[in-house]
Amino acid sequence: EIVAQKQCGDDILRAIARREFFPYYQPQFCANSLDIVGVEALARWRHPERGILTPDKFLKVAEEINSIPDIDHAILQSVLVDLAEWDRSGIDIPKVSVNVSAKRLADKKLIENIESAQWARGRIGIELLESIFLDDNDVDYAKNIEALRALGADIEIDDFGTGHASIVSLLRLNPCRLKIDRQLIAPIVNSEQQRRLIKSIIEIGKSQNIEVCAEGVETAQHVEILREMGCDCLQGYFFGKPMPADELARVVRSEKWRSF
């Protein structure tokens, strides 16, 4: 196992140099109109021997060798290229949300990357894991978040409900969007108690003018229940799995999800 992890670490470093990390995209929809309101960029590794790898195959090792910020950087660079290409092709993608690690958030290069893409102002969302730092008082985090906001980037909280953040911390950060983790969404079809919990989270969001997005929407029942609860945004396999940029363009043109 140690030898395998060492090999994986070496492969990750080479992959960063060779630009083998790139994004897949999963669309996000307005719960009421089913218009696309954005996409989430998810890291993938185009491994020369093992094919396309998902984060569960490399994320742990990448964290151990402190390569997550480099992977975040590679994904953001690819996102900006893809967004420009969609614009040229007439594909309307209002916003792309990218996951940002704690170390990347404290990196000045993140600010420089966003600043260099002023043409994409207002169309990049920065997704922060709820468990990263919401209860910390780190000055660098706060400073960079305000700098990102000043550049038009939206601040979003990912996997809400699985971390340890307090309501006070949430109010202090004041994100534009909360994404409810799929583990909380999955049981709502069969559990009244779980539906009450999700309804409470949605009401917290609405009370603070925070958009609420549900991840893990896998059935028509999920869609119906979340609509009735007043959820703003839906994302999940019911509408489509994460896909490469060119496939997303075809899906957007076809609008096949409207038949659901």
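How many residues line the largest pocket, and which of them lie nearest its centre?

Tutor: Happy to. Keep in mind that this is a predicted model. The largest pocket is lined by 45 residues, and those nearest its centre are P55, L59, N99, L129 and D158. Now move out to the lining as a whole. Helix α3, which covers residues 68–89, supplies the largest share of it, with six residues. Sorted by class, the lining of this pocket has 20 nonpolar residues, 14 charged ones and 11 polar ones.

Hold on to helix α3, as it leads us on to the next space. The second largest pocket has a volume of about 300 Å³, and its lining is made of 13 residues. Look for R19, D70, H73, A74 and Q77 here, as these lie nearest the centre. Two elements give two or more residues to this lining, namely β1 (21–30) and α3. Of the contributors, α3 gives the most, again with six residues.

Rolling a probe the size of a water molecule over the atoms shows where empty space is left. There's also a cavity to find: the structure holds one of 30 Å³ or more. The largest cavity has a volume of about 50 Å³.

Before you put the model away, here's a spot where two helices meet. The axes of helix α10 (residues 192–207) and helix α11 (residues 220–229) come within 10 Å and cross at roughly 45°. That angle makes α10 oblique to α11, and the crossing is right-handed. On the α10 side you'll see R195, I198, K199 and I202, which meet I225, L226, E228 and M229 of α11. Grouped by class, this contact has five nonpolar residues, three charged ones and no polar ones.

Technical notes:
Residues are numbered from 1 along each chain as its sequence is written. This is a predicted model: local features need pLDDT of at least 70, side-chain atom pairs count only at pLDDT 80 or more; totals for chains, interfaces and linings use all residues. Side-chain values use heavy atoms; hydrogens and water are left out. On a 1 Å grid over the protein atoms alone, a cavity is a set of points where a 1.4 Å probe fits but cannot get out, and a pocket is an open set with protein on both sides within 12 Å along at least five of seven lines; lining residues have an atom within 4 Å of a point. Helices (H or I, at least four residues) and strands (E, at least two) are DSSP runs, numbered from the N terminus. Ala, Val, Leu, Ile, Met, Phe, Trp, Tyr, Cys and Pro count as nonpolar, Asp, Glu, Lys and Arg as charged, and the others, Gly among them, as polar. Grid points are joined across faces, edges and corners, and a volume is the space filled by probe spheres set on the points. Axes are lines fitted to C-alpha atoms, for helices over the stretch in contact, and angles run from 0 to 180 degrees between N-to-C directions. Angles under 35 degrees count as roughly parallel, over 145 as roughly antiparallel, 65 to 115 as roughly perpendicular and the rest as oblique. A crossing is left-handed if the near helix is turned anticlockwise from the far one by less than a right angle, and right-handed if clockwise. Contact means heavy atoms within 4.5 Å.
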